[in-house]
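Dear colleague,

Please find below the structure that I am handing over to you. My notes on what was found in it follow.

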Amino acid sequence: MTRILAIANQKGGVAKTTTTASVGAALTDQDVSVLVVDLDPQGCLTFSLGHDPDQITKSVHDVLIGAEDIADVLLDTDDGMTLLPATIDLAGAEALLLMRPGREYALKRALAEVAEDYDVILIDCPPSLGVLTLNGLTAADEVVVPLQCETLAHRGVGQLLRTVTEVQQITNPELTMLGTVATLFDARTTHSRDVLADVADRYDMPVIDPPIPRTVRFAEASASGASVMRGRKNKGATAYRELAENLRGHWGGAELVRYEA
Ligand SMILES: Nc1ncnc2c1ncn2[C@@H]1O[C@H](COP(=O)(O)OP(=O)(O)O)[C@@H](O)[C@H]1O
Ligand SMILES: [Mg+2]
């Protein structure tokens with residue numbers, strides 16, 4: 001059975017894309033076959049996995065508007081994952097999709113054609129709660145919310161949770177909110193832990209173990225377009241490996257390990 005996990009938060013810079021690429025790479029290392037979906041018109045995931053969005057002729061945009069079959073658009077990555085890439089064209093998908101009935105189901109329908117080829121599909125949602133994120137949440141079985149452990153991190157979480165509830169009521173009753181992934185975590189200060197405890201309390205959301213520490217290496221890796229996991233022994237990569245193992249355990253029937261802030 002294929003597991004489809006959306007990584008969503010309408011806030012930018014909370015490590016959605018880094019989490020998608022890193023968990024995908026870690027799962028691949030653990031012999032899980034992974035498809036990653038770039039739903040952000042900025043194409044950061046596409047770029048970070050070694051494909052230049054400006055050089056790509058067919059993208060998720062063409063799939064969503066029904067102009068291309070998904071199988072003809074998928075790309076291989078050096079990390080061994082398969083990528084449904086994004087280009088800036090996707091910025092126009094919002095308007096094109098808005099005029100179509102069933103617009104929230106476009107990604108779900110496309111993924112159904114290839115899902116059986118993969119154990120896990122990860123969807124990197126854009127920093128908005130528009131029709132693209134609705135497509136991601138409608139196609140997914142589960143959603144996680146990366147949350148940067150800083151003051152006011154909780155702002156917008158209520159709105160995101162309302163969107164998830166609406167999706168559960170209208171387009172995807174099966175959608176499960178797994179919880180937050182704490183990113184850019186600084187274990188040396190109590191501040192990160194206070195922020196997490198506050199969010200967990202306020203919204204009754206589990207914090208999935210482990211938190212992902214802030215590491216300089218990560219910023220370097222994504223800037224060069226190389227995978228954040230490849231050949232690197234750093235705290236961030238180790239944490240993402242543990243997160244991938246935690247998710248696999250959960251998919252195998254074990255209880256998801258929570259972090260108690
Ligand atoms: N654990 C980390 N340590 C240091 N920098 C990180 C870490 N995770 C992500 N970043 C950096 O933070 C920025 C935003 O991350 P990104 O994954 O693009 O966020 P989003 O997709 O939510 O906008 C990027 O420059 C990325 O390299
Ligand atoms: Mg992103």
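A residue counts as exposed when its relative accessible area is over 50%, and as buried when that value is under 20%. Please bear in mind that this is a predicted model. With a relative accessible area of 66%, Met-99 is therefore exposed. Met-99 sits in the loop that runs between helix H4 (93–98) and helix H5 (106–114). Together with Leu-96 and Leu-98, Met-99 makes a nonpolar surface patch of about 310 Å².

Turning to the aromatic residues, a search of the whole structure gives 1 aromatic pair. Its members are Phe-185 and Tyr-259, arranged edge-to-face, with 5.9 Å from centre to centre and 80° between the planes. Phe-185 belongs to the loop between strand S7 (176–183) and helix H8 (190–203), while Tyr-259 belongs to the segment after helix H10 (235–251), so the pair ties together parts that are 74 residues apart in sequence. Both Phe-185 and Tyr-259 are buried.

As for the protein as a whole, it contains 10 helices and 8 strands. Its radius of gyration is 17 Å, close to the 18 Å that the globule rule gives for 261 residues, so the protein is as compact as a globular protein of that length. Along the principal axes, the C-alpha atoms fill a box of roughly 50 × 40 × 35 Å. Of the 261 residues, 55% are buried. The accessible surface is about 11500 Å², and 47% of this belongs to carbon and sulfur atoms. Where contacts join residues at least 6 apart in sequence, 79% of them link residues at least 24 apart.

With kind regards

Note on methods: Residues numbered from 1 in each chain as written. Chains lettered and ligands numbered in written order. Predicted model: local features only at pLDDT ≥ 70, side-chain atom pairs only at ≥ 80, totals over all residues. Heavy atoms only, no water. Phe/Tyr/Trp six-rings, centres within 6.5 Å; stacked < 30°, edge-to-face > 60°. Helix = DSSP H or I, 4+ residues; strand = E, 2+ residues; numbered from the N terminus. Buried < 20%, exposed > 50% of the residue type's maximum accessible area, 1.4 Å probe, protein only. Patch = residues over 30% accessible without salt bridge, like charges linked within 9 Å, V, L, I, M, F, W, Y side chains within 5 Å. Areas by Shrake-Rupley, 256 points an atom, 1.4 Å probe, with all protein chains shown as cover. Salt bridge = Lys/Arg side-chain N within 4 Å of Asp/Glu carboxyl O. Rg over C-alpha atoms; globule rule 2.2 N^0.38 Å. Contact = heavy atoms within 4.5 Å.
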